[in-house]
Amino acid sequence: MSTLIYILNGPNLNLLGKREPEIYGHDTLDDVAKRCEETGAEFGLQTTLLQSNHEGQIIDWIHEAREKAAGIVINPAAFTHTSVAVLDALNTFEGPVVEVHISQVHKRESFRHHSYVSLRADAVIVGCGVQGYELAMRHLGHVLKG
Ligand code: CA2
């Protein structure tokens, strides 16, 4: 069985740590990748962190995960609130899915309060900053490795 976790990130998250630190903090996506790799290793899990500004690319990676990954951590960014296509792709994935949002979306604009992805996610982590990714990895460690 695969021990690989896909960590997928949506539009503008390539700017993490470089803009709007008051909302998203100072850590970069490379820092997140390193932390997830370390947390995964505690559970014998490997990680691949990917980011795209393009909806179709994220969908292609979800399809790839069907063959290669035991679980998915996903921060779909703005696609969270708009994309039935990302939801449909996640519905074809058989393993556990954890949705992560760095900011506390429910304290923000009302359009951020609804998530299509939450209709599929097995767990949702919101407002814990980039630590949310580590918590997601820890959760998948427990679910997949007992
Ligand atoms: O809180 C989150 O993680 C979000 O998924 C982030 C999205 C936003 O559209 C969601 O409502 C909540 C935005 C990602 C933008 O990322 C940036 C990071 C640094 C600087 C600028 C944008």
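Visitor: How many salt bridges does the structure hold?

Guide: This predicted model holds eight salt bridges.

Visitor: What makes the contact between Glu 38 and Lys 34 a salt bridge?

Guide: The side chains of Glu 38 and Lys 34 meet with N and O 3.4 Å apart, and because a salt bridge requires a side-chain nitrogen of Lys or Arg within 4 Å of a carboxyl oxygen of Asp or Glu, the pair qualifies. Both residues lie in helix H2 (residues 29-42), four residues apart, which is about one turn of the helix.

Visitor: Why is Lys 34 called exposed?

Guide: Its relative accessibility is 53%, and exposed means over 50%, so Lys 34 counts as exposed. Glu 38, at 47%, counts as partly exposed, because that label covers values between 20% and 50%.

Visitor: Why can the pair of Arg 138 and Glu 42 be said to tie parts together?

Guide: Arg 138 forms a salt bridge with Glu 42, their closest N and O atoms being 3.1 Å apart. Since Arg 138 lies in helix H5 (residues 131-145) and Glu 42 in helix H2, the pair ties together parts that are 96 residues apart in sequence.

Visitor: What makes the buried residues of H3 line one face?

Guide: The buried residues are Ile 58, Ile 59, Trp 61, Ile 62 and Ala 65. Seen down the axis of H3, they fall within an arc of 160°, and therefore they line one face of the helix.

Definitions and conventions: Residues are numbered from 1 along each chain as its sequence is written. This is a predicted model: local features need pLDDT of at least 70, side-chain atom pairs count only at pLDDT 80 or more; totals for chains, interfaces and linings use all residues. Side-chain values use heavy atoms; hydrogens and water are left out. Buried means under 20% relative accessible area, exposed over 50%, partly exposed in between (1.4 Å probe, protein chains only). Helices (H or I, at least four residues) and strands (E, at least two) are DSSP runs, numbered from the N terminus. The arc is that of the directions from the helix axis to the C-beta atoms.
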